[in-house]
Amino acid sequence: MIAEKSVNLAVVDDALYGHHLTHNKEKPDLERWERLKNRLADEVAMGMTIKRVAIEIGKPGRYYDAVTEDCIIKWASDSGWGRDFPRYVDEQASYSTNLENSIEALFERMDKERASAPFIRPGTVETSIVTSVIDALGKARKQIKPVVIEIPSGCGKTSGVEEFIARARKAEGFDCPIWRIDMTPSMLKLKPVMASMLLAAQGLDPAENWNITDPEHVLEWKLKGATANRGGLFIFDDAQGFGDSKNEQGAIIFNQLRHFTDKRLFGLAFMDNGEIYKSLKGGRHSQLSSRIEAGRVKIEGITDADVDLIMAAWQVSGAKESTYCRKLAKQPGHFRLLCEVLESCLYEYGMINHTLLQKVRPV
């Protein structure tokens, strides 16, 4: 239920004119703010974007402009932001309270839609893989070092990354210095990588700020300024392209990024399938490979206990079903393949059992 308009005021000193001049501010409902902020972090981890939230909300209140991504990030990072009492007589709540009302109404609509949906895809399942990824990312951030996380494709590395970021946002706010860079073949050159890092650290959308003409050394200076003393972490997803033996740029990029950790500016985490270390090991890249060896985290494949957790999340039970899921999870694609088959079974038949699973994909 949307909270009633708040008139709970707190008198605060004016920072410019001193103790004699005061103005009124709303006192935040910290329990409500915490609950909505954490729910937002979970929704973003499951695929919703802050831009989508801003579009859905539109204008929070009668007199305020349309909400922006920046406003949502500031609200979710500081419980006291936007609490100035409005100057309009017939506007009884601050910007942030109106924003909270709108966010809560959005979540209520989403809950109703999900309740009437044929099925709901489970959120993050904390398997041993997800836990290991979270621990490795924490190590990279705390120790301010390059960490290469080797993990088979389809085992849940993306879920681990998303959960790590969600937890950081809940604890530190949405402006926490955790930056995720999704690597693609077109990014495997030094300038696109550094430009993407700089835009991420500045909180800018690459789609709207792509025209960066600075040379690499200027990008380096700017990136140092944008990240200094923030205790941040850059996560490079699908980073195995750095290990492409046909592309010498991988070693050049890795060597440049290693320089930032040497300066203790931020940690680095590379989500990899084993290609980076393999390509740099020995030869003229031995210095780089030794750095990787020191921070290399090799995560083995899935366990039966992990499969049990996935089955429980999808509400699947039965001896035959368990045998089927274990066999499927050992094939290429692992958990991704298993979840896709479970989802297809629900979509096609509205339920999951061994007979229906065999119809979707015989094992």
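These notebook entries record what I looked up in the structure.

**Entry 1: Ground rules**

I worked with a predicted model, in which local features need pLDDT of at least 70 and side-chain atom pairs count only at pLDDT 80 or more, while totals for chains, interfaces and linings use all residues. Residues are numbered from 1 along each chain as its sequence is written, and side-chain values use heavy atoms, with hydrogens and water left out.

**Entry 2: The sheet**

I began with the strands. Helices (H or I, at least four residues) and strands (E, at least two) are DSSP runs, numbered from the N terminus. I found an open sheet of five strands in the order β4-β5-β6-β3-β7, with parallel pairing. Two strands pair if DSSP finds at least two bridges between them. The edge strands are β4 (178-182) and β7 (296-298), each of which pairs on one side only. From one strand to the next, the twist averages 20°.

**Entry 3: Strand β6 and its partners**

How many bridges pair strand β5 with strand β6? I noted five bridges, in the parallel sense, between β5 (residues 232-237) and β6 (residues 266-272). Gly232 has Phe266 of β6 as its bridge partner, and Leu233 stands opposite Gly267 in β6. Strand β3 (residues 146-150) also runs parallel to β6 and is joined to β6 by five bridges. Here Pro146 stands opposite Leu268 of β6.

I then checked how covered β6 is. Seven of the seven residues of β6 are buried, where buried means under 20% relative accessible area, exposed over 50%, and partly exposed in between (1.4 Å probe, protein chains only). Helix α6 (residues 157-172) lies across β4, β5 and β6, and runs at about 155° to β4. For such angles, axes are lines fitted to C-alpha atoms, for helices over the stretch in contact, and the angles run from 0 to 180 degrees between N-to-C directions.

A salt bridge is a side-chain nitrogen of Lys or Arg within 4 Å of a carboxyl oxygen of Asp or Glu. Asp238 forms one with Lys157, the closest N and O atoms being 3.2 Å apart. Asp238 lies in the loop between β5 and α9 (249-262) and Lys157 in helix α6, so the pair ties together parts that are 81 residues apart in sequence. Asp238 is partly exposed at 37% relative accessibility, whereas Lys157 is buried at 12%.

Arg180 and Glu162 also meet in a salt bridge through their side chains (3.9 Å, N to O). Arg180 belongs to strand β4 and Glu162 to helix α6, so this pair ties together parts that are 18 residues apart in sequence. Arg180 is partly exposed, with a relative accessible area of 28%, and Glu162 is partly exposed, with 24%.

**Entry 4: A network of charges**

Which residue forms a salt bridge with Glu100? I found Arg32, with the closest N and O atoms 3.6 Å apart. The pair links distant parts of the chain: Glu100 is in helix α4 and Arg32 in helix α1, 68 residues apart. Both Glu100 and Arg32 are buried. A network of salt bridges links Glu31, Arg32, Arg35, Arg83, Glu100 and Glu104.

**Entry 5: Helix α3**

In helix α3 (residues 69-77), I listed Cys71, Ile72, Trp75 and Ala76 as the buried residues. Seen down the axis of α3, these residues fall within an arc of 125°, so they line one face of the helix. The arc is that of the directions from the helix axis to the C-beta atoms. Their cover includes α1 (30-45), α2 (50-57) and α4 (95-115).

Glu220 is in helix α8 (residues 216-227), and counts as buried at 14% relative accessibility. Contact means heavy atoms within 4.5 Å. Not counting residues up to four places away in sequence, Glu220 touches Met194, Gln256, His259 and Phe260. The side chains of Glu220 and His259 make a polar contact (3.3 Å). A polar contact is a pair of N or O atoms within 3.5 Å; within protein, one must be able to donate a hydrogen and the other to accept it, and residues adjacent in sequence count only if both atoms are side-chain atoms.

Is Thr127 buried or exposed? Thr127 counts as buried, at 2% relative accessibility. I located Thr127 in the loop between α4 and α5 (128-143). Leaving aside neighbours within four places in sequence, Thr127 is in contact with Asp306, Leu309, Ile310 and Phe335.
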